[in-house]
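My entries follow in the order I made them.

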Amino acid sequence: MADVDATLTGNRGLALEEAVIFEQDSPGLSGVDLPAPEPGPGNDRLGGLGRSGAIGLPGLSEPQVVRHYLRLSRMNYGIDSGLYPLGSCTMKYNPRLNERLARLPGLGGLHPLQPISTVQGALELMDACAHWLKVLTGMPGITMAPAAGAHGEVVGLMTIRAALEARGDARKRVLVPESAHGTNPASAHACGYAVETIAANVRGRVDVGALKAKLDADVAAIMLTNPNTCGLFENDIIEIADAVHGAGAFFYCDGANFNAIVGRVRPGDLGIDCMHLNLHKTFSTPHGGGGPGSGPVVLSAPLVPYAPLPMVERRGDGFALVEHAGDSSAHPLGRVKGFHGQFGMMVRALAYMMSLGSDGLKQVAEDAVLNANYLLARLKDTLSVPFEGPCMHEVLFDDSFLKDTGVTTLDFAKAMIDEGFHPMTMYFPLVVHGALLMEPTETESKATLDQFIRTVKGLAKRARAGDARHFKEAPRLTPRRRLDETAAARNPVLVWRPPPSRAAE
Ligand SMILES: *Cc1c(COP(=O)(O)O)cnc(C)c1O
């Protein structure tokens, strides 16, 4: 048995050491008191598969478990701790109102296999959430099933392929701009398409000439992000949509960061056929360690018949769930996710939309863009900007301001941790050298942004003053110091071994 007390941190403010829960094992301790199993024939409900020996789980009392996980949580950094300017991730504050509603017993306590007659309200809620997402995007169809953004991309491409196959058209290629999120080429590849890259122009946008040169009768779709991952609006999007449709292909748009344009621009008006929305980004449902994602996909009219199952349908006096292809007049894909998608995220997203209203949602986009441009305006003379002009919801810097300082983008990010900020996105997008991509989101106040700006300016000054050591040794103030990432790269498979089973002792 490990010396449990040696792992406790007493009254120290922040836990710096925490033994793993197996090392805190006190055999015999338990948070629950279960009656001893009664031997005998009446106790054979597991069909002879019952076991009575120890299974090697650690023994801990309830307070030990609670304190262990609370201490671990205090070593972490989350959106509830402070600014989290991780570009392309939209780490915005998740309103507690959403959480409260998602936990209402009539919503949080539902079972996915309950009879349809008992979940009419839940189906109505899914239908309402779907309705408002269609209104905001100006698209006629939607599937609520996908569990995340990348899953939505795969589902969207499968829908596109189904529509192409229905017209006897087996196209093989998907075009993806250089600056695309890594999930775009990965999803196209996972769907069996050959991925071809389209170059960016000097303004950080898609090179329309290069795009048109690659468009032909073998291209199934283009996957474009707007605003793109340089934080820039693709001004030529209508011309791109026309060219794509002219070649008989579909226009997939990555809508993960729809918060940049929500309430201001309807993707349906831009000629987009298919777009996933990250409820866990734009619509403020928790993500990262905070919860599962949800990636509904909106669809243009030609794709609607191929949307996957299940679908909520309003029928006369109530709501039905179309679960079998035979029950649908269309040609649905089948299932892409267990049950009905991430229902709890739909509750939160609908609560978010309804609490903000159409004026509030417009303001989301305005404030997201304003906050990013505030960072741009205040930091552009300190850091270095690869592309001229204003940005959308995120702002991209390159590492030329660190030239000859010996400090890299990675070092700079590690030093930000010591200053109490989560670092920005690093080395992405790949189109600029040593990228630093910052997305403040609309939920941050001017005071917070000012503090962040002061910190970044202070660090830049320190780097240029020749104090590279400060950066190389960062972070100093965290429970764990910098990982030896080169060692991890040499030895990528970390094998976790359970402690020897107590049964063997
Ligand atoms: C986050 C993101 C994705 C992927 O979404 P997941 O829910 O993490 O799978 C795709 N594209 C862009 C632009 C993103 O920001």
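**Pocket**

I looked up the second largest pocket and found about 650 Å³ of space in it. A pocket here, on a 1 Å grid over the protein atoms alone, is an open set of points where a 1.4 Å probe fits, with protein on both sides within 12 Å along at least five of seven lines; lining residues have an atom within 4 Å of a point. The volume is the space filled by probe spheres set on the points, and grid points are joined across faces, edges and corners.

I note that this is a predicted model, in which local features need pLDDT of at least 70 and side-chain atom pairs count only at pLDDT 80 or more, while totals for chains, interfaces and linings use all residues. Residues are numbered from 1 along each chain as its sequence is written, and side-chain values use heavy atoms, with hydrogens and water left out.

The lining of the second largest pocket has 27 residues; Met-75, Tyr-77, Ile-417, Thr-478 and Pro-479 lie nearest the centre. Helix H10 (residues 409-418) supplies the largest share of this lining, four residues. Helices (H or I, at least four residues) and strands (E, at least two) are DSSP runs, numbered from the N terminus. I sorted the lining into 15 nonpolar, five polar and seven charged residues. In this sorting Ala, Val, Leu, Ile, Met, Phe, Trp, Tyr, Cys and Pro are nonpolar, Asp, Glu, Lys and Arg are charged, and the others, Gly among them, are polar.

**Cores**

Next I looked up the largest nonpolar core, which has 58 residues; Leu-133, Ile-222, Ile-240, Phe-251 and Phe-283 touch the most other members. Helix H9 (343-379) is among the elements that give two or more residues to this core, as are helix H4 (120-137) and strand E4 (219-225). H9 gives the most, twelve residues. A nonpolar core is a set of buried Ala, Val, Leu, Ile, Met, Phe, Trp, Tyr and Cys residues joined through side-chain atoms within 4.5 Å. Buried means under 20% relative accessible area, exposed over 50%, and partly exposed in between (1.4 Å probe, protein chains only).

Beyond four places in sequence, Ile-240 is in contact (heavy atoms within 4.5 Å) with Val-206, Val-208, Leu-211, Ile-222, Leu-224 and Phe-251. I also found a second, separate core of 30 residues, including Leu-83, Phe-401, Phe-412 and Phe-471.

**Ser-384**

Ser-384 sits in the loop between H9 and strand E10 (395-397). Is Ser-384 buried or exposed? Ser-384 counts as buried because its relative accessible area is 12%. Its side chain makes a polar contact with the side chain of Asp-398 at 2.7 Å, and also reaches the backbone nitrogen of Phe-401 at 2.9 Å. A polar contact is a pair of N or O atoms within 3.5 Å; within protein, one must be able to donate a hydrogen and the other to accept it, and residues adjacent in sequence count only if both atoms are side-chain atoms.

**Backbone**

I found a cis peptide bond from Leu-309 to Pro-310, with omega near -5°. Another cis bond joins Phe-428 and Pro-429, with omega about 0°.

Thr-90, a residue other than glycine, has a positive phi, near 45°. Thr-90 is buried, at 0% relative accessibility. Asp-404 also has a positive phi, near 65°, but Asp-404 is exposed, with a relative accessible area of 74%. Asp-404 lies in the loop between E10 and H10.
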